[in-house]
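Here is a short briefing for a first look at this structure. Keep the sequence and the 3D view open while you read.

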Amino acid sequence: MAASSTGTYFTSYRAESALRRTKAEWARLALIAGFLLALPSLATGPLHQVLELHVINMVLIVVIGAVGLNILIGYTGQISLGHGGFLCVGAFTAGVFYQRFDLPAPVGIFAAVVFTAALGAFFGLPALRLKGLYLAIATLASQTVIIFVASQWSWLHDQGETMNLSRLRIGGFEIAARGAGHWQWYWILLVFAVLSVYAGRNLVRSSVGRSFMAVRDQDIAAAAIGVNVTRAKVTSFAVSSGFAGLAGALWAHYRGNATPETFVLETSILFVAMVIVGGLGSIAGAVYGAAFMWMVPELITKALLNVGGSEWTSRVPHLEMIFFGLLIMLFLIFEPRGLDRIWQRTKDYFRFWPFRY
Amino acid sequence: MKIRSAAAASLALALALSACAPSDDAADDDGPITVGLIADLSGATADVGTPYHNGMLGYIDWLNDQGGIDGRQIRALAEDYAYIPDNAVTLYDRFIREGAVAIQGWGTGDTNILAERINDDEIPFMSASYDETLVDPSTRPYNFVVAPTYSDQMRVALNWIAEDAGGEAGVAVFHHDSAFGQAPLADGAAWVEEQGLDLSLTNFPMPGDGNMVGLLRRAHNQNKTYVVIQNVSTPAANVARDLADQGLDMTIVCLNWCGDEIFIDTAGPAAAEGHVFVQPFTPPQADVPGLADVAEYLDGRGQTLEDVGLHYAQGWYTMHVMAEGIRRALDGGSLSGEAIKEALESAPIETGGVVGGGTVSFSPDSHRGSSGTGIYRVENGEMTVVELGVTP
């Protein structure tokens with residue numbers, strides 16, 4: 001059982017429903033905020049050997065997608081192997097509005113969220129009849145259909161299967177080229193990532209979020225107590241895809257391109273892995289999982305290259321896969337409930353100290 | 001109110017921090033010159049990507065032993081991207097951050113998605129993709145293609161088929177299902193139309209599982225007697241093997257990424273016999289002056305040209321062309337992307353007969369480095385010359 005702080009009393013409903021209720025929680029938030037504000041300076045300054053701003057920026061984008069998928073898999077219990085496809089839809093929608101219709105970027109990003117959510121709700125319909133592995137296979141179809149359309153519809157492409165997006169400009173402001181551009185992007189992406197995490201945290205505390213969890217835990221019982229299972233499942237697919245659409249749109253703008261070759265089945269599986277490694281049914285877990293799955297392979301590669309030098313280059317990718325695979329296996333053996341659970345246990349250890357429980 | 005003031009404070013802090021964002025510094029000192037290498041060592045095209053990459057590293061090692069460029073060493077940043085285009089963007093960003101003055105890329109998909117970045121950053125970029133869209137400086141001013149484009153190779157292949165068939169013939173184009181595989185398809189069809197060749201062309205995307213029997217059966221049922229392959233060696237060798245197993249009478253014409261010794265060895269000399277390669281790069285057994293340096297370097301490490309294969313010299317000379325551009329730019333006093341681009345466009349670069357017709361030349365109007373290609377036929381497990389210096 002997780003430890004909870006004692007001696008906190010509330011004098012209003014407002015205080016009781018607050019996201020953060022104790023001084024320790026506020027202090028932790030302040031620490032995180034300080035870290036996030038200092039991160040770009042650290043990545044270009046003292047920690048530039050380990051951290052790279054362009055990698056951190058991708059983590060911020062991926063976090064948004066992972067939060068969305070955790071709402072679907074972790075909170076609603078619906079497995080999806082189509083998340084990569086929905087990112088692709090978001091990327092191309094944003095690209096079409098920005099590049100083809102010449103509309104402002106925020107309009108395109110908003111349209112990407114709405115359109116991807118609608119499409120997600122549509123592709124989520126099989127969830128009304130299918131469960132578990134059967135649903136996973138059905139969502140595989142959405143992945144395949146989306147990638148097929150995106151690779152065959154030549155109006156979308158500038159060269160090959162790629163749509164190029166020119167550097168982001170909003171009103172009179174244009175993102176700088178090279179290093180300074182990554183720096184500016186960090187702040188934009190940070191705002192989106194923080195808002196997404198905040199939205200996710202609050203969603204799962206709302207009646208909608210609780211209906212998701214009821215469906216996950218026992219859908220028949222949920223229906224018996226008056227939860228509209230159909231609505232919960234379709235809403236969950238829509239919300240999850242909406243997050244994917246946002247992540248895809250930002251991905252396209254940040255990377256300067258949209259192409260189906262980026263959002264293949266492996267990407268979908270990577271997102272499922274993020275959610276599992278981070279911790280199912282935890283928004284914080286989605287953040288940890290995304291950071292872990294995106295940054296650790298990079299760090300392993302870096303370490304291997306440092307050890308071996310350029311003579312090693314051709315061995316590094318294979319060694320990296322072995323190390324990373326081993327790491328995930330050890331994880332699943334020692335803490336199948338993910339990184340979030342490890343953090344909970346660490347907190348419990350200090351709370352109960354000097355007692356074990 | 002509280003939230004608003006907190007938001008305002010963090011925005012102010014963010015702006016203050018972005019004021020100290022790093023600036024770009026020029027690479028004009030006496031230290032090493034940094035070049036980035038995006039390689040496929042573990043992905044779908046790793047069979048040819050690995051020797052090509054080793055050739056580049058070999059050239060850099062050789063050049064550094066010779067004293068580098070005007071006394072400055074070349075520092076190679078090399079990493080694998082597993083043929084996943086988005087990974088190439090991460091590597092590109094990393095190389096730029098580390099101060100790379102020029103970058104060697106790999107595939108068509110990733111070279112395409114880097115388009116905006118390359119143009120914005122003004123970074124001379126060579127790829128192992130010979131996509132026709134890369135040779136036009138009006139849209140891709142910093143991309144350079146050393147070899148005849150895939151479209152040119154396809155045109156040469158179709159011309160040869162029309163001549164070899166001596167009349168009407170069915171041609172199946174088997175291609176990798178990606179931007180790389182699709183690159184020459186439209187131009188090939190247009191060429192048949194334009195030249196009035198008596199060929200009926202059908203495109204077939206190749207399956208990823210290595211079993212080509214179904215594909216070959218379909219092509220055979222449509223009366224195809226020639227198979228042009230735009231893919232890498234291993235899947236192309238599977239086509240040759242399945243073709244021999246099925247006892248079908250069809251001739252394979254490999255474009256440059258599958259016309260090599262890997263194809264012959266993987267398919268086996270018997271299955272490879274009689275098939276044709278459109279290959280702009282000189283094979284190891286050819287007697288051209290350009291291969292002498294490579295052979296000597298390899299000899300010092302206990303290897304031969306045959307050990308490392310055709311793509312090694314291809315990587316070696318692609319790196320050589322870039323190094324010559326850097327050398328000329330350095331002589332002119334600047335290592336900016338603009339300077340290297342102009343240096344590459346200024347005069348032809350000699351490759352001792354290894355690439356295309358022998359020299360690679362770029363101009364401000366065209367980044368098509370060469371257009372001559374060799375045609376080879378597999379005889380007794382060896383590449384034998386049918387014709388050299390063929391242009392469409």
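Chain B has a mean pLDDT of 89, where pLDDT is the predictor's confidence in each residue, from 0 to 100. In chain B, 93% of residues reach 70 or more. For residues 11–27 of chain B, the pLDDT is below 50. That stretch still has 21 contacts in the model beyond near neighbours in sequence; two residues are in contact if their C-beta atoms, placed from the backbone, lie within 7 Å. The model scores ipTM 0.85 and pTM 0.88.

This is a predicted model, in which local features need pLDDT of at least 70, side-chain atom pairs count only at pLDDT 80 or more, and totals for chains, interfaces and linings use all residues. Residues are numbered from 1 along each chain as its sequence is written, while chains are lettered from A and ligands numbered from 1 in the order in which they are written.

**Where the chains meet**

- The contact takes 34 residues from chain A and 40 residues from chain B.
- On the side of chain B that touches chain A, the elements giving two or more residues include helix H1 (2–18), helix H2 (46–65), strand S2 (74–80) and helix H3 (85–97) of chain B. Helices (H or I, at least four residues) and strands (E, at least two) are DSSP runs, numbered from the N terminus.
- Helix H4 (108–113), helix H5 (115–121) and helix H7 (179–182) of chain B are also among them.
- H3(B) gives the most to this side, with eight residues.
- By class, the side of chain B that touches chain A has 18 nonpolar, 11 polar and 11 charged residues. Here Ala, Val, Leu, Ile, Met, Phe, Trp, Tyr, Cys and Pro count as nonpolar, Asp, Glu, Lys and Arg as charged, and the others, Gly among them, as polar.

**Two domains in chain B**

- Chain B is divided into domain 1 (33–148 + 287–361) and domain 2 (150–279 + 375–390). These bounds come from an automatic or database domain assignment.
- The centres of the two domains of chain B, taken over C-alpha atoms, are separated by 27 Å.
- In chain B, 17 residues of domain 1 are in contact with 18 residues of domain 2.
- The side of domain 1 that touches domain 2 takes two or more residues from each of H2, H4 and helix H15 (310–331) of chain B.
- H4(B) gives the most to that side of domain 1, with three residues.
- That side of domain 1 divides into five nonpolar, nine polar and three charged residues.

- H2(B) has 20 residues, which should span 28 Å at 1.5 Å a residue. The expected span is 1.5 Å times one less than the number of residues. The end C-alpha atoms of H2(B) are 28 Å apart, which agrees.
- In H2(B), 15 of the 20 residues are buried, so this helix is largely enclosed by the rest of the structure. A residue is buried if 20 or more other C-beta atoms lie within 10 Å of its own, exposed if 12 or fewer, and partly exposed in between, with C-beta atoms placed from the backbone.
- B:Gly67 follows H2(B) and has a positive phi, near 105 degrees.
- The 22 residues of H15(B) should span 32 Å, and its end C-alpha atoms are 32 Å apart, which agrees.
- H15(B) is largely enclosed by the rest of the structure, because 18 of its 22 residues are buried.
- B:Gly333 follows H15(B), and its phi is positive, near 95 degrees.

**Strands and a hairpin**

- Strand S10 (residues 276–279) of chain B runs antiparallel to S13(B), joined by four bridges. Two strands pair if DSSP finds at least two bridges between them.
- B:Phe277 stands opposite B:Tyr376 in S13(B).
- S13(B) is mostly covered, with five of its seven residues buried.
- S13(B) and S14(B) run antiparallel and are joined by six bridges.
- B:Thr373 has B:Val390 in S14(B) as its bridge partner.
- S13(B) and S14(B) form a hairpin with two residues between them.

**Backbone details**

- B:Asn380 lies in the loop between strand S13 (373–379) and strand S14 (382–390) of chain B. Its phi is positive, near 50 degrees, in a residue other than glycine.
- B:Asn380 counts as exposed because it has 7 C-beta neighbours inside 10 Å.
- B:Ala82 is in the loop between S2 and H3 of chain B. Phi of B:Ala82 is also positive, near 55 degrees.
- B:Ala82 has 20 C-beta neighbours inside 10 Å, so it counts as buried.
- In chain A, the peptide bond from A:Trp353 to A:Pro354 is cis, with omega near 5 degrees. A:Pro354 is in the segment after helix H14 (338–352) of chain A.
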